Amino acid sequence: MSKVLIIGAGGVGSVVAHKCALNSHVFTSIMLASRTKSKCDKIAGEIKEMHGVDIETAQVDADIVAETVMLIKRFQPKLLINVALPYQDLTIMEACLATGVHYLDTANYEPKDVAKFEYSWQWAYQQRFKEAGLMALLGCGFDPGVTQVFTSYANKHYFDEMHYLDIIDCNAGDHGKAFATNFNPEINIREITQPGRYWENGEWVEIEAMSIHKPIEYPGIGPKESYVLYHEELESLVKNFPTLKRARFWMTFGQAYITHLNVLENVGMTSIKPIKFNGVDIVPLEFLKAVLPAPDSLGENYSGQTSIGCQIKGTKDGEETTYYVWNNCDHAECYREVRAQAVSYTTGVPAMIGAMLMLTNDEWMKPGVWNCEELNPDPFMEHLNTQGLPWNERINIPLPHEYPA
Ligand code: NDP
């Protein structure tokens, strides 16, 4: 019997709300709140029609702590799932501390004026959450999120020491649009246009954005050009698994996507520095977001699959061991189930699973601020199989492609 408050009614928020409604034996009462209430009402209508479950909706500006506090006091949830934007992480954490509510999100805090991806701001809340007897689970989507659960599962069951980790993320889907991002365009473009970074021999190696790339073979999909990016889960993974000598994150991009992005960057449309336009300050990237398709509008005619996994090399009983664990997810199947595309689905389902475990499994309810690899991976892996994200694994079997060197 648990009340849950979901903040954010975009592509991911919609999936979280649908999946919580489909698990109403755990989430007995659900409220979806966001800046624009009409978006929450539209999702609530779909949920009623598709799954026969009633959910409440509300308007909230989560940048303002007092507004979120007021909403929490009115609804009295046990746990809050934050799937608004990374800018709201700290204000929502403050509101949770003020009202005694557990917290979960899917992306690390980012200040609006600098594209900086690190956990330092949120890790600084460790003591306050612990003392309040509250839990904050950070980055519980797919990547970050499941990629850390995969790594921790590998560490627990297959390795004495992990040495090399490559997280490989492919979207081989086609949404039929000339250019669109699969999650919030502003956050997505800030992430990709940053210099790349990976971990090697105890330090971060910085590279020019998109400068390291190669084709990687994805199961059921085939070879796709994949680029080394910095991704936030690398920070906590190298801290929690210090035997890692190298940790990298690869993501696929099609040539048309890169060409569009290059043009937009070259003409200044991806900048986050405000400019004056007709006497008004506007941020070019925010304006660009306003003209691009919304991630939650892409689902209807999306075809193809995503494939995200971890490839790990290390040792077990003195022998070299390789392990590959991955999930493939089909855009059209996600749309049939919850009216979403696979990128929103692969983020929203793990957020629901994390929340479900916090509410039902004592091992997953630990006061303090945690990343996903710090908790027992086994129940999470079981839920992935039953909640729509089944995974596959290969151990010491020649990989279907060359291990990324
Ligand atoms: P969308 O842009 O589709 O949705 C964001 C939602 O947050 C919108 O409903 C928006 O409202 C709402 N929102 C924004 N600001 C506020 C505010 N101040 N108060 C209340 N609500 C607000 O984004 P996505 O659904 O694609 O992404 C959601 C989150 O998931 C992001 O943080 C993203 O980084 C993360 N993510 C994580 C992934 C992972 O694997 N870990 C992968 C993909 C995404 P409005 O409509 O009014 O603008």
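**Domains, interface and ligand**

Modeller: The count between domain 1 and domain 2 is 3 salt bridges, a salt bridge being a side-chain nitrogen of Lys or Arg within 4 Å of a carboxyl oxygen of Asp or Glu. Please note that this is a predicted model, in which local features need pLDDT of at least 70 and side-chain atom pairs count only at pLDDT 80 or more, while totals for chains, interfaces and linings use all residues. Residues are numbered from 1 along each chain as its sequence is written, and side-chain values use heavy atoms, with hydrogens and water left out.

Colleague: Which side chains meet in a salt bridge at 2.5 Å, N to O?

Modeller: Those of Lys19 and Glu337.

Colleague: And where do the domains run?

Modeller: Domain 1 covers 2–138, and domain 2 covers 146–337 + 384–395; these bounds come from an automatic or database domain assignment. Their C-alpha centres are 24 Å apart. The contact (heavy atoms within 4.5 Å) takes 24 residues from domain 1 and 18 residues from domain 2.

Colleague: How much area do domain 1 and domain 2 bury between them?

Modeller: About 1,800 Å², with 48% of it on carbon and sulfur atoms. Buried area here is the accessible area (1.4 Å probe) that two parts lose on being put together, summed over both.

Colleague: Which three residues supply 32% of the area that domain 1 buries against domain 2?

Modeller: Phe117, Tyr119 and Trp123, a contribution that is more than that of any other three residues.

Colleague: Now the ligand. How many residues surround it, and which are the closest?

Modeller: The ligand is surrounded by 29 residues, and the closest are Arg35, Thr36, Lys39, Ala62 and Asn184.

Colleague: Which residue has a backbone N or O atom 2.9 Å from an oxygen atom of the ligand?

Modeller: Val12. For nitrogen atoms of the ligand, a backbone N or O atom of Thr106 lies 2.9 Å from one, and a polar side-chain atom of Asp63 lies 3.3 Å from one.

Colleague: What about the backbone: is the peptide bond from Asp143 to Pro144 cis or trans?

Modeller: That bond is cis, with omega near 10 degrees.

Colleague: And what is the phi of Gln76?

Modeller: Gln76 has a positive phi of about 55 degrees, although this residue is not a glycine.

Key
Near = heavy atom within 4 Å. Polar contact = N/O pair within 3.5 Å; in protein donor to acceptor, adjacent residues only side chain to side chain.
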